[in-house]
Amino acid sequence: MHGVSTETACQLTVNPFTARLLVRDLALDPGDTLLLTAGASAVSRMVIHLASERGVRCLPVVRHPEQARALTRLGAWPVTVSSAGTLPGAVGDLVEHGQVTAVLDAVGGALGDAALRCLRPGGRFVSYGMLSGRPLSVHPDALVFRQVSMHGFWLPARMERLDDKELSVLTEEVQEAVVRGLPGLEVAERYDLADFGPALDHTIRHGRDGKILLTG
(Lines give C-alpha, C1' and ligand atoms only; values in the text may rest on other atoms or scores of the structure.)
Protein backbone atom coordinates (compact mmCIF):
# COMPACT_ATOMS: atom_id res chain seq x y z
CA MET A 1 0.00 0.00 0.00
CA HIS A 2 1.40 3.38 -1.03
CA GLY A 3 2.82 5.37 1.86
CA VAL A 4 2.74 2.49 4.35
CA SER A 5 5.72 0.37 5.36
CA THR A 6 5.63 -3.42 5.35
CA GLU A 7 5.96 -3.39 9.15
CA THR A 8 2.82 -1.26 9.41
CA ALA A 9 0.90 -3.08 6.69
CA CYS A 10 1.28 -6.44 8.45
CA GLN A 11 -0.69 -5.05 11.41
CA LEU A 12 -3.71 -3.79 9.48
CA THR A 13 -6.01 -6.79 9.44
CA VAL A 14 -7.34 -6.70 13.02
CA ASN A 15 -6.80 -3.69 15.28
CA PRO A 16 -7.39 -0.81 12.83
CA PHE A 17 -10.56 -2.42 11.49
CA THR A 18 -11.76 -3.09 15.03
CA ALA A 19 -11.15 0.52 16.08
CA ARG A 20 -12.81 1.97 13.00
CA LEU A 21 -15.93 -0.19 13.38
CA LEU A 22 -16.21 0.46 17.12
CA VAL A 23 -16.17 4.21 16.53
CA ARG A 24 -18.58 3.92 13.63
CA ASP A 25 -21.05 1.73 15.51
CA LEU A 26 -21.08 3.97 18.59
CA ALA A 27 -21.79 7.01 16.38
CA LEU A 28 -21.06 9.43 19.21
CA ASP A 29 -21.61 13.15 18.79
CA PRO A 30 -19.20 16.02 19.49
CA GLY A 31 -19.09 16.65 23.22
CA ASP A 32 -20.02 13.07 24.16
CA THR A 33 -17.74 11.18 26.54
CA LEU A 34 -16.26 7.73 25.95
CA LEU A 35 -14.70 5.63 28.72
CA LEU A 36 -12.22 2.95 27.60
CA THR A 37 -10.82 0.16 29.76
CA ALA A 38 -7.38 -1.17 28.75
CA GLY A 39 -6.85 2.46 27.83
CA ALA A 40 -3.22 2.14 26.81
CA SER A 41 -3.80 -0.73 24.38
CA ALA A 42 -3.26 -0.34 20.65
CA VAL A 43 -6.98 -0.52 19.92
CA SER A 44 -7.76 2.11 22.56
CA ARG A 45 -5.15 4.48 21.16
CA MET A 46 -6.63 4.05 17.70
CA VAL A 47 -10.15 4.65 19.00
CA ILE A 48 -8.99 7.76 20.87
CA HIS A 49 -7.47 9.14 17.69
CA LEU A 50 -10.55 8.43 15.55
CA ALA A 51 -13.13 9.48 18.14
CA SER A 52 -11.26 12.67 19.04
CA GLU A 53 -11.43 13.67 15.38
CA ARG A 54 -15.22 13.67 15.86
CA GLY A 55 -15.00 15.88 18.94
CA VAL A 56 -15.61 13.02 21.39
CA ARG A 57 -13.97 13.34 24.80
CA CYS A 58 -12.07 10.10 25.52
CA LEU A 59 -11.30 8.85 29.02
CA PRO A 60 -8.88 5.89 28.82
CA VAL A 61 -8.44 3.93 32.06
CA VAL A 62 -4.80 3.17 32.94
CA ARG A 63 -2.76 2.06 35.93
CA HIS A 64 0.52 3.94 35.47
CA PRO A 65 1.31 7.67 35.21
CA GLU A 66 3.63 7.14 32.24
CA GLN A 67 0.72 5.61 30.32
CA ALA A 68 -1.43 8.60 31.22
CA ARG A 69 1.19 11.05 29.97
CA ALA A 70 1.41 9.30 26.59
CA LEU A 71 -2.37 9.31 26.18
CA THR A 72 -2.63 12.97 27.12
CA ARG A 73 -0.41 13.70 24.14
CA LEU A 74 -3.07 12.02 21.97
CA GLY A 75 -5.68 14.46 23.28
CA ALA A 76 -7.27 12.07 25.78
CA TRP A 77 -8.28 12.64 29.40
CA PRO A 78 -6.68 9.62 31.12
CA VAL A 79 -8.15 8.14 34.30
CA THR A 80 -5.37 6.66 36.42
CA VAL A 81 -6.63 4.18 39.00
CA SER A 82 -4.96 1.58 41.20
CA SER A 83 -8.10 -0.51 41.68
CA ALA A 84 -11.49 -0.97 40.03
CA GLY A 85 -13.35 0.39 43.03
CA THR A 86 -11.81 3.84 42.63
CA LEU A 87 -12.88 4.24 38.99
CA PRO A 88 -16.34 5.85 39.49
CA GLY A 89 -14.88 8.46 41.81
CA ALA A 90 -12.01 9.21 39.44
CA VAL A 91 -14.42 9.60 36.53
CA GLY A 92 -16.57 11.86 38.69
CA ASP A 93 -13.61 14.20 39.07
CA LEU A 94 -13.41 14.61 35.29
CA VAL A 95 -17.01 14.42 34.06
CA GLU A 96 -20.08 16.33 35.17
CA HIS A 97 -22.32 14.10 37.30
CA GLY A 98 -19.65 11.38 36.93
CA GLN A 99 -21.48 9.78 34.02
CA VAL A 100 -20.22 9.00 30.53
CA THR A 101 -22.06 8.52 27.24
CA ALA A 102 -20.52 5.17 26.31
CA VAL A 103 -18.06 2.53 27.48
CA LEU A 104 -15.72 0.33 25.46
CA ASP A 105 -14.65 -2.53 27.71
CA ALA A 106 -11.83 -4.93 26.86
CA VAL A 107 -11.34 -6.24 30.39
CA GLY A 108 -14.55 -7.46 32.00
CA GLY A 109 -14.57 -8.48 35.65
CA ALA A 110 -14.43 -5.88 38.40
CA LEU A 111 -13.11 -3.12 36.14
CA GLY A 112 -15.85 -3.73 33.58
CA ASP A 113 -18.43 -3.63 36.38
CA ALA A 114 -17.02 -0.32 37.62
CA ALA A 115 -17.07 1.13 34.09
CA LEU A 116 -20.71 0.10 33.73
CA ARG A 117 -21.57 2.07 36.86
CA CYS A 118 -20.12 5.17 35.20
CA LEU A 119 -22.66 5.13 32.36
CA ARG A 120 -25.36 7.76 32.22
CA PRO A 121 -29.01 6.67 31.81
CA GLY A 122 -29.49 5.46 28.25
CA GLY A 123 -25.76 4.99 27.82
CA ARG A 124 -24.15 2.26 25.72
CA PHE A 125 -21.76 -0.43 26.92
CA VAL A 126 -19.77 -2.44 24.37
CA SER A 127 -17.74 -5.47 25.44
CA TYR A 128 -15.02 -6.44 22.98
CA GLY A 129 -12.47 -8.26 25.16
CA MET A 130 -12.02 -10.42 28.24
CA LEU A 131 -8.53 -9.60 29.48
CA SER A 132 -9.39 -10.27 33.13
CA GLY A 133 -10.92 -13.65 32.35
CA ARG A 134 -13.76 -12.72 34.70
CA PRO A 135 -17.46 -12.17 33.88
CA LEU A 136 -19.42 -8.96 34.12
CA SER A 137 -22.06 -8.58 36.84
CA VAL A 138 -25.08 -6.81 35.39
CA HIS A 139 -27.92 -5.82 37.72
CA PRO A 140 -31.37 -5.70 36.10
CA ASP A 141 -31.96 -2.17 37.37
CA ALA A 142 -29.21 -0.92 35.04
CA LEU A 143 -31.14 -2.33 32.10
CA VAL A 144 -34.67 -1.61 33.30
CA PHE A 145 -34.51 1.69 35.14
CA ARG A 146 -31.34 3.27 33.73
CA GLN A 147 -32.08 1.94 30.23
CA VAL A 148 -28.45 1.06 29.62
CA SER A 149 -27.84 -0.96 26.46
CA MET A 150 -25.15 -3.65 26.31
CA HIS A 151 -23.62 -5.18 23.20
CA GLY A 152 -20.81 -7.52 22.31
CA PHE A 153 -18.33 -6.90 19.50
CA TRP A 154 -16.27 -9.55 17.73
CA LEU A 155 -14.53 -8.49 14.54
CA PRO A 156 -15.12 -11.65 12.44
CA ALA A 157 -18.87 -11.61 13.17
CA ARG A 158 -19.08 -7.86 12.51
CA MET A 159 -17.20 -8.17 9.23
CA GLU A 160 -19.57 -10.90 8.06
CA ARG A 161 -22.42 -8.39 8.11
CA LEU A 162 -20.67 -6.11 5.60
CA ASP A 163 -21.44 -6.43 1.91
CA ASP A 164 -18.70 -5.99 -0.69
CA LYS A 165 -19.29 -2.26 -1.09
CA GLU A 166 -19.28 -1.63 2.67
CA LEU A 167 -16.09 -3.66 3.07
CA SER A 168 -14.42 -1.69 0.30
CA VAL A 169 -15.36 1.63 1.89
CA LEU A 170 -14.19 0.45 5.31
CA THR A 171 -10.85 -0.70 3.90
CA GLU A 172 -10.33 2.70 2.25
CA GLU A 173 -11.14 4.47 5.51
CA VAL A 174 -8.64 2.32 7.42
CA GLN A 175 -5.93 2.88 4.83
CA GLU A 176 -6.49 6.64 4.88
CA ALA A 177 -6.35 6.72 8.69
CA VAL A 178 -3.07 4.78 8.68
CA VAL A 179 -1.50 7.06 6.09
CA ARG A 180 -2.55 10.08 8.19
CA GLY A 181 -0.71 8.67 11.21
CA LEU A 182 -3.06 6.35 13.11
CA PRO A 183 -1.36 5.52 16.45
CA GLY A 184 -1.09 2.04 17.91
CA LEU A 185 1.03 0.62 15.08
CA GLU A 186 4.40 1.26 16.68
CA VAL A 187 7.01 -1.53 16.66
CA ALA A 188 8.86 -2.28 19.89
CA GLU A 189 11.25 -4.92 18.54
CA ARG A 190 11.92 -7.19 15.58
CA TYR A 191 12.97 -10.84 15.81
CA ASP A 192 13.97 -13.39 13.24
CA LEU A 193 11.51 -16.26 12.79
CA ALA A 194 14.05 -18.60 14.37
CA ASP A 195 13.95 -16.51 17.55
CA PHE A 196 10.22 -16.90 18.16
CA GLY A 197 10.84 -17.99 21.78
CA PRO A 198 12.44 -14.72 22.91
CA ALA A 199 9.85 -12.87 20.81
CA LEU A 200 7.01 -14.52 22.74
CA ASP A 201 8.72 -13.66 26.03
CA HIS A 202 8.98 -10.05 24.93
CA THR A 203 5.25 -9.84 24.18
CA ILE A 204 4.41 -10.31 27.88
CA ARG A 205 7.14 -8.01 29.18
CA HIS A 206 5.87 -5.22 31.42
CA GLY A 207 6.15 -1.79 29.91
CA ARG A 208 6.35 -2.99 26.31
CA ASP A 209 5.52 -0.09 24.02
CA GLY A 210 4.65 -1.41 20.58
CA LYS A 211 4.23 -4.65 18.70
CA ILE A 212 6.73 -7.50 18.44
CA LEU A 213 7.34 -8.49 14.83
CA LEU A 214 8.75 -11.70 13.40
CA THR A 215 10.78 -11.22 10.24
CA GLY A 216 12.50 -13.58 7.88
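This is a predicted model: local features need pLDDT of at least 70, side-chain atom pairs count only at pLDDT 80 or more; totals for chains, interfaces and linings use all residues.
Local features need pLDDT of at least 70, side-chain atom pairs count only at pLDDT 80 or more, and totals for chains, interfaces and linings use all residues. Residues are numbered from 1 along each chain as its sequence is written, and side-chain values use heavy atoms, with hydrogens and water left out.

Helices (H or I, at least four residues) and strands (E, at least two) are DSSP runs numbered from the N terminus. An open sheet of 6 strands has the order β3-β2-β1-β4-β5-β6, with parallel pairing; two strands pair if DSSP finds at least two bridges between them. At the edges are β3 (79–80) and β6, each of which pairs on one side only.

β1 and β2 run parallel and are joined by 4 bridges. Leu34 stands opposite Cys58 in β2, and Leu35 has Leu59 of β2 as its bridge partner. On the way from β1 to β2 comes helix α3 (residues 42–53), and the three elements make a right-handed β-α-β unit. Right-handed here means that, with the strands pointing away from the viewer, the path from the first strand over the helix to the second runs clockwise. The crossover from β2 through α4 to β3 is also a right-handed β-α-β crossover. β2 and β3 pair in the parallel sense over 2 bridges, and Val62 has Thr80 in β3 as its bridge partner.

Helix α4 (residues 65–72) lies across β2 and β3, at about 160° to β2. Helix α2 (residues 15–26) lies across β1, β4 and β5, at about 155° to β5. Axes are lines fitted to C-alpha atoms, for helices over the stretch in contact, and angles run from 0 to 180 degrees between N-to-C directions. Contact means heavy atoms within 4.5 Å.

Burial is scored by relative accessible area: buried is under 20%, exposed over 50%, and partly exposed in between (1.4 Å probe, protein chains only). In β2, 5 of the 6 residues are buried, so the strand is mostly covered. Helix α6 (residues 109–117) is largely enclosed by the rest of the structure, because 7 of its 9 residues are buried. Its buried residues, among them Leu111 and Leu116, pack against β1 (33–36), β2 (57–62), α5 (87–92), β4 (100–105), β5 and β6 (149–152).

Leu131 is in the loop between β5 (119–127) and α7 (140–144). Leaving aside neighbours within four places in sequence, Leu131 is in contact with Ala38, Ala106 and Val107.
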